[in-house]
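Thanks for coming, everyone. Please look at the screen while I talk. I'll take the helices, then the sheet.

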Amino acid sequence: MARIETPNRVRGTQDIFGEDQRRFAKVLATFEHVARLFCFQRVDIPVFESTAVFARSLGETTDVVSKEMYSFEDRGGDSLTLRPEFTAGIARAYLTEGWQRFAPLKIVSSGAAFRYERPQKGRFRQFHQLDAEIIGAAEPAAEVELLTFASQLLSELGIGDEVTLQLNTLGDAETRDAWRDALVAHFEAHKAELSEDSLTRLEKNPLRILDSKDPRDRPAADSAPDIDEFLTPDARAFFEAVTSGLDAAGVAWTRNPRLVRGLDYYRHTAFEFVTDRLGAQGTVLAGGRYDGLIEQLGGPPTAGIGWAAGVERLAMLTSEPEAAAADIVVIPIGDEARTDALEVLTELRRQAVRADMAFRGNLKKRLQRANASNATLVVFVDHDRWSRRELEVKNLSTGEQNVITQKEAGPDVIEEVYLACEAAKLGEPRDRLTALNEARFGIVGKGPESE
């Protein structure tokens, strides 16, 4: 029979397991924890949307729309796109689901996103993002809230000292229009020096020339006028309110006057948390205020601000969490005790104990596996003893082995095993643990190792 060829993993995707998965899970769990502290609600939105959602929100001329989106026609003839980011879908849901009545709305989401780009360190074609948004709040306090959230997230991941918050203002509409006109005039005077991509941007999106990575563009970009020359009093006061709020919250920041967002619906604050530990892919969390986005999707003028962070990049920076180990390993003594051991295992798990069963090999090998798993206790289940609600328990740290029996009118034996496990995890002295055993349920013999 011909050998069956197993298809390979698609380029730009990943199978997440072991250490990588533990880091990944740590990022997600920490994100959910901090989101609850800041009273953000979680939302989940579709993985694919009408292509128009992203074309309108991201702009037809952006690289994401023109080169990177996974778009396809479904069987009904509709053009659909796998989400390349979260904000557009959330803005669409805000309008179509009637979430305006909840404004100001503080929401988070997370999950897979898709962009067809060259895979490299920390960047995949199917990647994963964290997303946080505040919709319906035009005040600078929204920036402070989101940036404080981001700062605490990075701190609780243990990487707060390894990232720097870079901050800039894009001003209000009047500021942005005046600055844009000045940039167009500046870059028109330097057209001969610009790259082909920046010549295209000059016609459609001149602000994007400022953050061009092409060395041919840097002299003209670096000598371009700063936005500060064009800030209106209101725009200046808004930015000062943001920075003073961050100072009051203890969030360190630096000004980056070349940090921009090219699309016209962005206003006021733009920001990035960057690190030097990931090479060229140094941005780990970024966002800004998008007061014109929801209007561009057909809604009324609505304030909005948000950020997104790459789970993969954050996971690369975090320390590896310990692998989850069973607190208790259950070992049946003889075939007759297998059903009893399953009953014990189920009762332990219902008491919220992390428990597993060692059911292969002889007793010595089962104990070796329990030790290798870093468990706290081994519970030996003997059929005759279990019929009397007795369990043999071994503390793997001290080697101490006792038999716990349920006293009349006393706590359930499973609960007492749980208490003994907690005492062992705390490193209780041997004499105290022995006294606890004797006082609560007595010691009635040695375990199977000595028999």
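Let's start with a term: axes are lines fitted to C-alpha atoms, for helices over the stretch in contact, and angles run from 0 to 180 degrees between N-to-C directions. Helices (H or I, at least four residues) and strands (E, at least two) are DSSP runs, numbered from the N terminus.

This is a predicted model, where local features need pLDDT of at least 70, side-chain atom pairs count only at pLDDT 80 or more, and totals for chains, interfaces and linings use all residues. Residues are numbered from 1 along each chain as its sequence is written, and side-chain values use heavy atoms, with hydrogens and water left out.

The protein chain averages 88, and 91% of the residues score at least 70. Over residues 439-447 the pLDDT is below 50. That stretch still has 31 contacts in the model beyond near neighbours in sequence; contact means heavy atoms within 4.5 Å.

Now the first helix pair. Two packed helices are described by the angle between their axes and the distance between the axes. Find H1 (residues 18-37) and H5 (residues 140-156): their axes come within 10 Å and cross at roughly 140°. H1 and H5 are therefore oblique to each other. The cut-offs: under 35 degrees is roughly parallel, over 145 roughly antiparallel, 65 to 115 roughly perpendicular, and the rest oblique.

Which residues of H1 and H5 meet? From H1, Thr30, Phe31, His33, Val34, Ala35 and Leu37; from H5, Phe149, Gln152, Leu153 and Glu156. By class, that contact of H1 with H5 has six nonpolar, three polar and one charged. Here Ala, Val, Leu, Ile, Met, Phe, Trp, Tyr, Cys and Pro count as nonpolar, Asp, Glu, Lys and Arg as charged, and the others, Gly among them, as polar.

Second pair. The axes of H2 (residues 51-58) and H4 (residues 87-96) come within 9 Å and cross at roughly 110°. H2 and H4 are therefore roughly perpendicular. Val53, Phe54 and Ser57 of H2 contact Ala88, Gly89 and Arg92 of H4.

Last, the sheet. Three strands form an open sheet, ordered E2-E4-E3, with antiparallel pairing; two strands pair if DSSP finds at least two bridges between them. E2 (48-50) and E3 (71-73) stand at the edges with a single partner strand each, so one side of each has no neighbour in the sheet. H2 lies across E2, E3 and E4, at about 75° to E2.

Methods
pLDDT = per-residue confidence, 0-100.
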